[in-house]
Amino acid sequence: MFRQLKKAATFAAAVLATTTLVSAAQAADYPEKAITLVVPYGAGGASDLAGRALAETARHYTDDQPVVVVNKTGNGGMNGARYVTEQKPDGYTLLLSRVGMALYPAVYTDSPVGWDDYTFLGILESTPMILAVNAESDIQTIDDLIAKIKSSNGATTYAASGPTAIDGFTVQALLADTDMDPLSASTLVPYKGGSALAAALLGGHVDFLAISAGSLMPHIEAGKMRALMIYAPKRMDALPNVPTAKELGYKLAGQVGGWSGLYAPKGLPEDVVAKWTEILGKVATDATWLDLAKKRGSVSVIGDEEPSAYVKSQFELYNGMAQKFGYIQ
């Protein structure tokens with residue numbers, strides 16, 4: 001009996017060693033086929049543009065293997081995120097992540113995917129958000145806006161995708177920072193999608209909003225909107241005179257902003273992680289990537305943040321606000 005058990009154990013060890021060697025060899029040869037990059041939001045949006053920019057640039061550094069963008073939408077981005085987490089961790093299915101991958105599980109305790117159910121490969125870009133008013137508004141500065149909100153008894157209105165969406169938190173964080181009730185000091189009017197939100201402000205249906213720069217810059221440049229404040233680590237080159245929330249001293253609002261990252265299923269082999277670290281290092285200085293980021297109003301931050309620590313801090317930020325504002329207990 002002992003000899004049989006010993007023989008079985010020896011066989012199991014040999015199988016494990018062989019499997020490990022095969023996996024290591026496969027990782028060393030990575031990539032050997034096309035890589036699927038899942039974008040969990042619709043075509044044409046900020047995340048889709050970021051994903052396609054990454055695919056276009058990274059293909060020059062993936063040993064001639066293409067990076068194919070696939071949109072898998074629904075449930076606040078969680079459908080695409082969950083799909084990626086369920087795939088084999090071999091580096092051939094990746095996720096173009098957005099702030100929603102940290103925000104959704106921070107707000108919804110029944111989220112189908114946790115904020116840390118991934119292998120984090122890198123934070124790609126910061127996507128500024130802009131607090132703006134209609135150009136015909138009498139509000140000229142952020143101080144004017146705050147004063148108007150305080151005197152309105154909740155009558156001022158802002159457009160957002162929803163109270164617990166990123167463009168809802170942009171405004172609520174500012175309200176909290178200025179000692180106002182984030183849920184009642186101003187009235188949220190819901191719209192779906194950046195173009196609909198922008199149209200609401202252009203049409204005079206709301207007093208202000210704070211959404212992605214990509215959705216507002218064409219209107220600001222056309223003189224139809226006035227930018228009051230930027231949610232980003234630093235000022236935008238296109239709006240050098242518009243201050244950031246951080247430099248104005250807003251504690252919560254100064255931490256809010258859009259971003260893109262690159263994730264993989266949990267358990268990705270270290271060799272594949274290393275390969276993507278190498279690829280992203282090259283993407284970071286690639287003229288195509290930098291040019292496309294500038295056109296989107298984004299700022300490349302590849303290599304600036306340790307991804308797992310950054311995503312954790314974003315989860316904690318929105319989870320803290322969700323509790324503070326009463327969305328979760």
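Everything here comes from a predicted model, and the protein chain averages a pLDDT of 91, with 91% of the residues scoring at least 70. Besides that pocket, there's the largest pocket, at about 1,400 Å³, an open sheet of six strands, and a cis peptide bond between Tyr30 and Pro31.

**Second largest pocket**

- This pocket holds about 470 Å³ of space.
- Strand S4 (118–127), strand S10 (258–265) and helix H11 (307–324) are the elements that each put two or more residues into the lining of the second largest pocket.
- H11 supplies the largest share of that lining, with four residues.
- Sorted by class, the lining of the second largest pocket comes out as ten nonpolar, seven polar and five charged residues.

**Largest pocket**

- Here you're looking at about 1,400 Å³ of space, lined by 49 residues.
- If you want to find the middle of the largest pocket, go to Tyr41, Ala46, Ser47, Arg98 and Gly194, which lie nearest its centre.
- The elements giving two or more residues to the lining of the largest pocket include helix H4 (100–107), strand S4 (118–127), helix H6 (166–177) and helix H7 (194–202).
- Also on that list are H2, strand S8 (208–212), helix H8 (213–221) and helix H10 (287–295).
- H2 gives the most to this lining, with six residues.
- By class, the lining of the largest pocket splits into 22 polar, 19 nonpolar and eight charged residues.
- S4 turns up in both linings, giving two or more residues to that of the largest pocket and two or more to that of the second largest pocket.

**The sheet**

- Six strands make an open sheet in the order S2-S1-S3-S10-S4-S11, and the pairing is mixed.
- S2 and strand S11 (299–300) sit at the edges with a single partner strand each, so one side of each has no neighbour in the sheet.
- S1 and S2 run parallel and are joined by five bridges.
- Leu37 has Val69, in S2, as its bridge partner.
- As for the pairing itself, strands of a sheet are held to one another by backbone hydrogen bonds, in either a parallel or an antiparallel way.

**Backbone spots worth a look**

- The peptide bond joining Tyr30 and Pro31 is cis, with omega at about -5 degrees.
- Pro31 belongs to the loop between helix H1 (2–28) and strand S1 (35–39).
- Asp63 isn't a glycine, yet its phi is positive, at about 55 degrees.
- You'll find Asp63 in the loop between helix H2 (46–58) and strand S2 (67–71), where its relative accessible area of 44% makes it partly exposed.
- Asn153 isn't a glycine either, and its phi is also positive, at about 55 degrees.
- Asn153 sits in the loop between helix H5 (142–152) and strand S6 (157–160); with a relative accessibility of 76%, Asn153 counts as exposed.

- The protein chain averages a pLDDT of 91, but over residues 1–9 the pLDDT is below 50.
- Beyond near neighbours in sequence, residues 1–9 have zero contacts in the model.
- Residues 15–26 are also below 50 in pLDDT, and this stretch has one contact beyond near neighbours in sequence.

Terms used
Residues are numbered from 1 along each chain as its sequence is written. This is a predicted model: local features need pLDDT of at least 70, side-chain atom pairs count only at pLDDT 80 or more; totals for chains, interfaces and linings use all residues. Side-chain values use heavy atoms; hydrogens and water are left out. Buried means under 20% relative accessible area, exposed over 50%, partly exposed in between (1.4 Å probe, protein chains only). On a 1 Å grid over the protein atoms alone, a cavity is a set of points where a 1.4 Å probe fits but cannot get out, and a pocket is an open set with protein on both sides within 12 Å along at least five of seven lines; lining residues have an atom within 4 Å of a point. Grid points are joined across faces, edges and corners, and a volume is the space filled by probe spheres set on the points. Ala, Val, Leu, Ile, Met, Phe, Trp, Tyr, Cys and Pro count as nonpolar, Asp, Glu, Lys and Arg as charged, and the others, Gly among them, as polar. pLDDT is the predictor's confidence in each residue, from 0 to 100. Contact means heavy atoms within 4.5 Å. Two strands pair if DSSP finds at least two bridges between them.
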